[in-house]
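Here are my notes for you, written so that you can follow along with the structure open. Take them one point at a time and find each residue as you go.

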Amino acid sequence: MTIWVFAEEQLGSPTDGSLELLAKARSLGDVSVFYVGAGSDDIWATLGDHGAAKVHHLDPVDALPSAGAAAALGSLLESDSATVVLFGSGNTDRDVAGRLAARLSAPLVGGALDVALDDGVTVISEILGGTKSITTKVRNDTVAVIVTRPKAFESEPIGGGTPELAAVSMPDTGRSSAVISERHVEEREGPALEEASVVVSGGRGLGSADGFDMMRELAGLLEGAVGGSRAVVDAGWVPYSYQVGQTGKTVKPEVYIACGISGAMQHVVGMKGSASIIAINKDPDAPIFAIADLGIVGDVHKVVPQLIEALKNQ
Amino acid sequence: MNIAVCVKQIPDPATPYELDSENHWIVRPNDQVLDDTDRFGIEVALQLAEASEGTVTLFSMGPSGSLKGIRQALAMGADKAVLIDDDTLKGSDALATARILSAAIAAEGFDIVIAGTESTDGFTGAVPQMMSEILDVPCLSFARKVDLVDEGVAIERQTASGYEVVTASLPALLAVTAGVVEPRYPTFKGIMQAKSKPVDTKTAADLGVEINVEQTVAAVTNVEARQAGTIVEDAGEAFLEIVSFLKDRKVI
């Protein structure tokens with residue numbers, strides 16, 4: 001059976017999410033990748049190394065890919081009588097998955113942590129802030145569109161050879177068309193949030209955007225990355241790219257330090273996979289303490305500066 | 001300009017959510033509140049309407065209940081609401097929701113559809129994209145900035161490494177992120193006016209949409225929760241606990 005995987009290019013490489021999907025897909029069957037981006041021989045080699053047997057390549061150039069990718073992928077899935085197509089949680093993944101499911105009248109399951117093929121397609125996902133695990137059966141007369149959570153699977157190269165390559169042309173998307181006129185890369189200091197082994201995250205309890213100065217200093221001392229809760233992103237204290245949670249990034253660092261974060265459901269789902277959690281919060285009843293390995297009931301404006309001084313003297 | 005905004009009434013997020021034991025649907029009380037993330041889309045709509053002498057219509061699917069959440073959205077300044085309340089739609093998946101909302105919006109006519117990125121009580125985050133496909137309009141998603149331009153509309157679309165500027169002609173759908181604008185607080189006048197603004201209630205049959213069951217929930221179990229560890233009350237030296245915790249884990 002062929003398992004289809006959606007892969008997108010970011011800064012000249014397939015996203016980490018696409019490589020994670022390949023690890024799962026190759027355990028289920030032969031893997032065909034639908035790749036959106038400029039592409040290169042190195043990229044095909046990487047995809048092959050992670051288990052792709054065939055790569056269908058669509059280069060949207062300056063078009064917003066979602067409508068065209070959904071149309072082209074939809075035709076390929078129909079002609080292949082495909083059973084399952086896996087997407088990551090990237091923004092383009094989600095755009096294409098949604099359009100594709102509507103186009104094919106196919107069921108879409110989101111937030112997937114695992115997928116099994118038995119008499120149909122069975123998906124395990126977590127809902128309600130990761131407190132409930134839900135098993136969903138999808139009707140099996142059509143392709144199931146599965147959108148997985150970040151880091152649900154671990155990517156691992158297996159030394160596969162160069163995949164077969166097939167060029168896909170961008171379909172005419174008519175009035176669904178949109179054009180990308182500028183691309184901006186926002187530099188951030190230190191390691192990427194999703195890859196950092198230490199994440200220092202700030203919440204409403206920091207009091208103001210200035211509170212993030214000490215988050216940056218602490219993260220710098222620990223060679224970590226700075227994150228934030230939805231509340232502080234909504235308040236405009238840090239950009240959206242800092243957001244950890246259901247509508248932001250999922251992180252699994254060695255140590256997660258939550259400063260002035262209450263621990264709302266939407267935040268916890270993005271960080272509860274951390275190896276260990278330290279929480280600092282004034283409110284002894286904050287739900288974050290229920291999941292923290294070390295909880296400090298205290299004022300972040302006192303504890304964090306003391307911690308920074310102590311680390312400087314190490 | 002006709003601006004449609006998708007909004008959702010959800011159980012108060014401050015109270016723990018429950019699933020009913022038979023169908024595993026979220027138990028929805030009579031009093032549901034406006035999903036906080038919808039305020040951003042409503043604010044964008046109000047600003048676009050103010051710039052274009054437009055009309056803002058809210059679209060929502062789900063049990064009406066007390067209409068508390070819808071009134072909260074109307075109080076911000078939206079002109080009217082269309083609510084699809086139909087028992088046969090209970091437990092609908094994302095695609096069914098997208099079909100219903102699209103049919104209701106298409107019936108009213110639109111230039112711009114605005115939605116949030118995903119609801120607080122749901123977990124799919126696919127409805128705006130599905131609606132774009134059904135309505136055959138561009139999906140300007142993950143928008144952190146929205147501007148009307150000569151060609152139609154331009155957004156800054158959030159990407160993993162930064163953002164891109166995406167431009168499309170109208171009609172178009174915008175799916176906005178939290179933080180795209182600062183949502184206004186309802187004024188007292190707005191709250192009073194919201195009580196008498198028109199709320200049109202429809203069923204799936206009114207819209208001519210038939211919904212099929214695409215997926216069934218086979219089982220729901222509790223996820224093993226993380227255990228709480230050591231809790232220390234700070235009396236001036238709690239930072240030392242953090243230092244030794246970090247040393248134990250060889251972070252420092």
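The points below start where the two chains meet and then move to a few local details.

1. One thing to keep in mind first: this is a predicted model. Everything I mention is computed from that model, so to speak, "as drawn".

2. Let's begin with the contact between the chains. Chain A brings 80 residues to it and chain B brings 81 residues. Putting the two together buries about 7,100 Å², and carbon and sulfur atoms give 55% of that area. Look up A:Arg94, A:Arg99 and A:Arg175 while you're there: they supply 9% of the area that chain A buries against chain B, more than any other three residues.

3. What holds opposite charges together on the screen? Side chains of opposite charge can pair when their charged atoms come close. Across the interface of chain A and chain B there are eight salt bridges. For one of them, click on B:Arg144 and A:Glu186, whose closest N and O atoms are 3.2 Å apart.

4. Polar contacts turn up here too, with 42 residue pairs counted between chain A and chain B, both partners at pLDDT 80 or more. On the side of chain A that touches chain B, helix α4 (residues 91–104) gives the largest share, nine residues. Sorted by class, that side of chain A has 36 nonpolar, 27 polar and 17 charged residues.

5. Strand β16 (residues 294–297) of chain A runs parallel to strand β13 (residues 230–233) of chain B, and the two pair over four bridges. To find the spot, go to A:Leu294, which stands opposite B:Thr230 in β13(B).

6. Back to salt bridges, this time counting over all chains: the structure holds 23. One of them joins the side chains of A:Asp62 and A:Arg183, at 3.5 Å from N to O. These two are 121 residues apart and link distant parts of the chain: A:Asp62 sits in the loop between β4 (54–58) and α3 (66–79), while A:Arg183 belongs to strand β11 (residues 179–185).

7. How many aromatic pairs are there over all chains? A search of the whole structure finds three. A:Phe6 and A:Phe34 make a stacked pair, 6.3 Å centre to centre with 25° between the planes. This pair also links distant parts of the chain, with A:Phe6 in strand β1 (residues 2–10) and A:Phe34 in strand β3 (residues 30–36), 28 residues apart.

8. Last, two backbone details. The peptide bond from B:Leu170 to B:Pro171 is cis, with omega near 5°, and B:Pro171 lies in the loop between β9 (162–168) and β10 (172–176) of chain B. In chain A, have a look at A:Ser105, in the loop between α4 and β6 (108–117). Its phi is near 50°, a positive value in a residue other than glycine.

Note on methods
Residues are numbered from 1 along each chain as its sequence is written. Chains are lettered from A and ligands numbered from 1 in the order in which they are written. This is a predicted model: local features need pLDDT of at least 70, side-chain atom pairs count only at pLDDT 80 or more; totals for chains, interfaces and linings use all residues. Side-chain values use heavy atoms; hydrogens and water are left out. Contact means heavy atoms within 4.5 Å. Buried area is the accessible area (1.4 Å probe) that two parts lose on being put together, summed over both. A salt bridge is a side-chain nitrogen of Lys or Arg within 4 Å of a carboxyl oxygen of Asp or Glu. A polar contact is a pair of N or O atoms within 3.5 Å; within protein, one must be able to donate a hydrogen and the other to accept it, and residues adjacent in sequence count only if both atoms are side-chain atoms. Ala, Val, Leu, Ile, Met, Phe, Trp, Tyr, Cys and Pro count as nonpolar, Asp, Glu, Lys and Arg as charged, and the others, Gly among them, as polar. Two strands pair if DSSP finds at least two bridges between them. Rings of Phe, Tyr and Trp (its six-membered ring) pair if their centres lie within 6.5 Å; planes under 30 degrees apart count as stacked, over 60 as edge-to-face and the rest as tilted.
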